[in-house]
There are 2 protein chains.
Amino acid sequence: MSLDTLRGTPSNLNRWADMSDLLGRLRGRGWRMTSQRRVVAEVLDGDHVHLTADEVHARAAQRLPEISRATVYNALGELVALGEVAEVTTDGRAKRYDPNAHHPHQHLVCSACGAIRDVHPTGDPLAGLPAEERFGFTVSAVEVTYRGLCPNCA
Amino acid sequence: MSLDTLRGTPSNLNRWADMSDLLGRLRGRGWRMTSQRRVVAEVLDGDHVHLTADEVHARAAQRLPEISRATVYNALGELVALGEVAEVTTDGRAKRYDPNAHHPHQHLVCSACGAIRDVHPTGDPLAGLPAEERFGFTVSAVEVTYRGLCPNCA
DNA sequence: TTCTTGACTTGGATTCTGTCCATCGTAGGA
DNA sequence: TCCTACGATGGACAGAATCCAAGTCAAGAA
């Protein structure tokens, strides 16, 4: 089954909506399950997880030492395409992967130590952009990153 | 004169505040002017400019063929440190350099073609994060990127 | 259960972005 | 005009990510 097929199947999406775990949702959507993909998904499962691809690889390799970096990149790319994981770029360095994609949220980043917290602001952030400032764009998403100092670094 | 010296001189900052051009401000702040730095500043001057370092280098090289990439990176880094240019990361790829740093704004990015527009939303974006969602952080800045499709790609 | 096949994994090469460093050149003050 | 500290150079290097050809395997079919 191709990624394109997986992407556009609302019936599959809904059928498994009650499963809380990433792994179950993926299996339910027909994602071909391999030992490598399983450990990548397991490493990413949870709250406040913001790992780089290399960190995911390192943790996956603890359980499956022969897993390659290319496989981790492939799996992460597909999870992002499926909408199960969000890519976030908080510094200019490596992208981070956030499995909390089903709960819209924003990020609060410490400028000193790089710590990242999920935050949930009030109101619709899209509403901040009036129509006359949209220049004909169809605006569908907004990414917000707050920066400051965490309690430890302040 | 060192960067540290340049950074913290409000008198210099104000003395040249009426100059509209980047080049003039830099010279007024004592930035040592070389032919390489001049073309980098000239390439960046203007509105709605969001060039990558490589694009800056390519345009600078049209006027000064022997300019090196390291020099462009050095100059860009200093312009950012001086607060004259802002770094923006709209995709996971190369950083872009935005000379519009004196007019706070946000970015509207086309998910298809990557086009970038400066936008000016209403209200204070920092106000969107209530105190109970700040977890003890001292929040000082916020970056907002709206995503969607531009008129050409829609 | 075994077979089959297309999808997945591997690891090494490659690209892209950015930094570092020793050496050379020069802007701007004396 | 001369000095010299600061800036430029380009090649090496490093980190992040992608590409590719060859080998492997999950899952449906028989």
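Predicted model: local features only at pLDDT ≥ 70, side-chain atom pairs only at ≥ 80, totals over all residues.
Residues are numbered from 1 along each chain as its sequence is written, chains are lettered from A and ligands numbered from 1 in the order in which they are written, and side-chain values use heavy atoms, with hydrogens and water left out.

- The contact takes 37 residues from chain A and 37 residues from chain B, where contact means heavy atoms within 4.5 Å.
- Because 100% of the interface residues of chain B are also interface residues in chain A, the copies meet through the same surface.
- Between them the two chains bury about 3,000 Å², 62% of it on carbon and sulfur atoms; buried area is the accessible area (1.4 Å probe) that two parts lose on being put together, summed over both.
- Two salt bridges are counted between chain B and chain A, each being a side-chain nitrogen of Lys or Arg within 4 Å of a carboxyl oxygen of Asp or Glu.
- A:Arg147 forms a salt bridge with B:Glu143, with the closest N and O atoms 2.5 Å apart.
- On the side of chain B that touches chain A, the elements giving two or more residues are β4 (106–110), β5 (116–119) and β6 (138–149) of chain B, strands being DSSP runs of E with at least two residues and helices runs of H or I with at least four, numbered from the N terminus.
- The largest share of that side, 12 residues, comes from β6(B).
- By class, the side of chain B that touches chain A has 20 nonpolar, 10 polar and seven charged residues, with Ala, Val, Leu, Ile, Met, Phe, Trp, Tyr, Cys and Pro counted as nonpolar, Asp, Glu, Lys and Arg as charged, and the others, Gly among them, as polar.

**DNA strand C**

- Of the 17 residues around DNA strand C, A:Arg32, A:Thr34, A:Ser68, A:Thr71 and B:Lys95 come nearest, a residue being near a strand if one of its heavy atoms lies within 4 Å of it.
- An N or O atom in the side chain of A:Arg32 is 2.8 Å from a base nitrogen of DNA strand C.
- Phosphate oxygens of DNA strand C lie 3.1 Å from a polar backbone atom of B:Met33 and 3.1 Å from a polar side-chain atom of B:Tyr73.
- The surface near DNA strand C receives most from α6(B), with three residues.

**DNA strand D**

- DNA strand D is surrounded by 17 residues, the closest being A:Lys95, B:Arg32, B:Thr34, B:Gln36 and B:Thr71.
- Sugar or phosphate accounts for 70% of the atoms of DNA strand D within 4 Å of the protein, and bases for the rest.
- A polar side-chain atom of A:Arg32 lies 3.0 Å from a base nitrogen of DNA strand D, while an N or O atom in the side chain of B:Arg32 is 3.0 Å from a sugar or linking oxygen of DNA strand D.
- A polar side-chain atom of B:Thr71 lies 2.6 Å from a phosphate oxygen of DNA strand D.

Note on methods:
Polar contact = N/O pair within 3.5 Å; in protein donor to acceptor, adjacent residues only side chain to side chain.
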